[in-house]
Amino acid sequence: MTAPNPLLSGLLGRCPNCGEGYLFEGFLKVAPRREACGYDLAKADSGDGPAVFVILIAGFIVAFSALITEIAVHPPVWVHLVLWLPATLVICLVLLRPMKGAMLAAQFKNKASEARHD
Ligand SMILES: [Zn+2]
């Protein structure tokens with residue numbers, strides 16, 4: 001069996017070691033030990049990294065969408081609020097888990113001290 005791509009596995013919320021089993025046991029809580037291969041990610045900590053990527057990506061999407069909408073349609077301010085506040089929330093929630101999985105997988109792939117093999 002070939003080793004899975006750790007970054008792709010992380011994005012999909014799978015174990016970066018074997019590609020099987022779930023990385024999370026809650027929305028963002030990392031399962032301390034993979035059920036499929038027993039790999040231990042209890043010490044893994046992605047810190048603020050995923051939030052930074054989520055802020056940058058969601059900010060880009062929402063800011064440019066609002067700008068294009070404003071230029072094209074000139075809607076009243078309440079339309080922007082109704083459109084872009086929920087869109088910001090949804091985009092952030094959708095991106096947060098894959099970004100955290102990718103950060104944890106990147107730590108695994110690059111043998112960061114928090115997630116290295118012991
Ligand atoms: Zn595994």
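**Aromatic pairs, a zinc site and a buried lysine**

F60 is exposed, with a relative accessible area of 53% (exposed means over 50%, buried under 20%, partly exposed in between; 1.4 Å probe, protein chains only). This is a predicted model, in which local features need pLDDT of at least 70, side-chain atom pairs count only at pLDDT 80 or more, and totals for chains, interfaces and linings use all residues. Residues are numbered from 1 along each chain as its sequence is written, and side-chain values use heavy atoms, with hydrogens and water left out.

**Aromatic pairs**

- The structure holds two aromatic pairs (rings of Phe, Tyr and Trp, the last by its six-membered ring, pair if their centres lie within 6.5 Å; planes under 30 degrees apart are stacked, over 60 edge-to-face, the rest tilted).
- Y39 and F108 pair edge-to-face, at 5.2 Å centre to centre and 85 degrees between the planes.
- This pair links distant parts of the chain, 69 residues apart: Y39 is in the loop between helix 1 (6-11) and helix 2 (49-73), and F108 is in helix 3 (residues 77-109). Helices are DSSP runs (H or I, at least four residues), numbered from the N terminus.
- Y39 is buried at 9% relative accessible area, and F108 is buried at 10%.
- F60 and F64 have ring centres 4.8 Å apart and planes at 45 degrees, so this pair is tilted.
- Both F60 and F64 lie in helix 2, four residues apart, about one turn of the helix.
- F64 is partly exposed, at 44% relative accessible area.

**Charge over a ring**

- The charged end of R14 sits over the ring of Y22, 4.4 Å from its centre (the criterion is NZ of Lys or CZ of Arg within 6 Å of the ring centre and within 35 degrees of the ring normal).

**Zinc site**

- C15 (SG), C18 (SG) and C37 (SG) coordinate the zinc ion at 2.1 to 2.2 Å. Donors are N, O and S atoms within 2.8 Å of the metal (3.2 Å for Na, K and Ca); water is not among the atoms, so sites may look incomplete.
- The donor spacing in sequence is C-x2-C-x18-C.
- C15 and C37 both lie in the loop between helix 1 and helix 2, so the pair ties together parts 22 residues apart in sequence.
- C15 is buried, at 0% relative accessible area, whereas C37 is partly exposed at 33%.

**Buried lysine**

- K100 is in helix 3.
- K100 is buried yet has no salt bridge (a side-chain nitrogen of Lys or Arg within 4 Å of a carboxyl oxygen of Asp or Glu).
- The nearest side chain of opposite charge to K100 is D45, 6.1 Å away (Lys and Arg count as positive, Asp and Glu as negative; His and the chain ends are not counted).
- Leaving aside neighbours within four places in sequence, K100 is in contact with F24, L28, V30, S46 and P50 (contact means heavy atoms within 4.5 Å).

Terms used:
Helix = DSSP H or I, 4+ residues; strand = E, 2+ residues; numbered from the N terminus.
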